[in-house]
Amino acid sequence: CALPIFEDELSDILKKARNGQQRSVADVARAGGLPEADLSELERGQPPRNREQVQAVARALGLRADQLAQVAEGWTPEALPPAIPHVETILGSIGGYEVKGYIVHDRREAVIVDTAYNAAAMLEMLATRTLRLRAICLTHGHSDHADGIDALLKAHPVPVYLGPDDVDLLSWRPSQDVLHVPKEDGTLQVGGLRLRFMPTPGHTPGGVCYRLEEAGEPMCFVGDTLFAGSIGRSNPAGLYQTHLDSVRHRVLALSPNTRLFPGHGPATTVHEERLHNPFAT
């Protein structure tokens, strides 16, 4: 079978870690004992010369050296089953850049987690499966995850859950009475399931993950908080440490068998990311 398309390559990981720490190429290269040109080449996507070079940069950036080398050498997470009960994955594209949203459903009730920049596909799936939409839950306010809520709300006037610090990121803002705050450990009933709110600031100030614990294997919809083998870009960069805290002490503190569904790239598990993600501890 085809290998999963990762959201991040080695170059992306290096730039996210360095920019998040607001350090220069020269500073990181010096800390890693490398010529500045070597780090510049790695950040431009040139393949590393050897494992030791990758490990040196990892240590300079405070990343796990062996795990970064594994990602650079082509590690991929163990594939999840192609069909996951209670979850439909919707694919969208923004300028050729793939984005994922999800429909969580049970007993003909449904919740959308991120729009996938593809409201039409969301509406078609709801109609095809004859699902009654209960709410729209946004992991954050970036357009590739939130655009299309106007079309969705026109067809299904439901509450929209979004961290309040992300409201200003929306390109189209619902009326105030529609917006709801996904407070810590709050829940949303979907048929016989409960979607639990877990704020995870870092990728954006108001980022939120959504946990599902009653559908067999536990699941968590993580948006851009975490990718397989990486994390999203901390935006703004000053949120980098907050972002790491959310990844390490919230997402990766979940049970090891928790399936993680990101906004880009392949699904993974807490177990896989604890073992292989260079940003984990």
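Trainee: How many bridges join β2 to strand β3, and do they run parallel or antiparallel?
Mentor: Five bridges join β2 to β3, which covers residues 109–113, and the two strands run antiparallel. Please keep in mind that this is a predicted model.

Trainee: Which residue is the bridge partner of Tyr 102 in β3?
Mentor: Tyr 102 has Val 113 as its bridge partner there.

Trainee: And how many bridges join β1 to β2?
Mentor: Eight bridges connect β1, residues 87–94, with β2, residues 97–106. These strands are antiparallel. Ser 93, for instance, is partnered by Glu 98 in β2.

Trainee: What do β1 and β2 form, and how many residues lie between them?
Mentor: They form a hairpin with two residues between the strands. Gly 95 sits in the turn and has a positive phi of about 65°.

Trainee: In what order do the strands of the open sheet come?
Mentor: The order is β1-β2-β3-β4-β5-β6, six strands in an open sheet with mixed pairing. β1 and β6 (179–180) are at the edges with a single partner strand each, so one side of each has no neighbour in the sheet.

Trainee: Which helix lies across β1, β2, β3 and β4?
Mentor: That is α6, residues 119–128. Its direction makes an angle of about 25° with β2.

Trainee: Changing topic, how many salt bridges does a search of the whole structure find?
Mentor: The search finds 14 salt bridges. In one of them, the side chains of Arg 129 and Glu 88 meet at 2.5 Å, N to O. That pair links distant parts of the chain, since Arg 129 is in the loop between α6 and β4 while Glu 88 is in strand β1, 41 residues apart.

Trainee: Is Glu 88 buried or exposed?
Mentor: Glu 88 counts as buried, because its relative accessibility is 18% and the cut-off for buried is under 20%. Arg 129 is partly exposed, with a relative accessible area of 34%.

Trainee: Which residue forms a salt bridge with Asp 106?
Mentor: Arg 107 does, with the closest N and O atoms 3.6 Å apart. Asp 106 is buried at 13% relative accessibility, whereas Arg 107 is exposed at 66%.

Trainee: Where do Glu 109 and Arg 134 lie?
Mentor: Glu 109 lies in strand β3 and Arg 134 in strand β4, so their pair ties together parts 25 residues apart in sequence. Their side chains meet in a salt bridge of 3.2 Å, N to O. Glu 109 is buried, at 15% relative accessible area, and Arg 134 is partly exposed, at 27%.

Trainee: Which residues are linked in a network of salt bridges?
Mentor: Arg 23, Asp 27 and Arg 30 are linked in such a network.

Trainee: What does Leu 68 touch, leaving out residues up to four places away in sequence?
Mentor: Leu 68 touches Leu 10, Ile 13, Leu 14, Val 54, Ala 58, Leu 63 and Pro 278.

Methods:
Residues are numbered from 1 along each chain as its sequence is written. This is a predicted model: local features need pLDDT of at least 70, side-chain atom pairs count only at pLDDT 80 or more; totals for chains, interfaces and linings use all residues. Side-chain values use heavy atoms; hydrogens and water are left out. Contact means heavy atoms within 4.5 Å. Two strands pair if DSSP finds at least two bridges between them. Helices (H or I, at least four residues) and strands (E, at least two) are DSSP runs, numbered from the N terminus. Axes are lines fitted to C-alpha atoms, for helices over the stretch in contact, and angles run from 0 to 180 degrees between N-to-C directions. A salt bridge is a side-chain nitrogen of Lys or Arg within 4 Å of a carboxyl oxygen of Asp or Glu. Buried means under 20% relative accessible area, exposed over 50%, partly exposed in between (1.4 Å probe, protein chains only).
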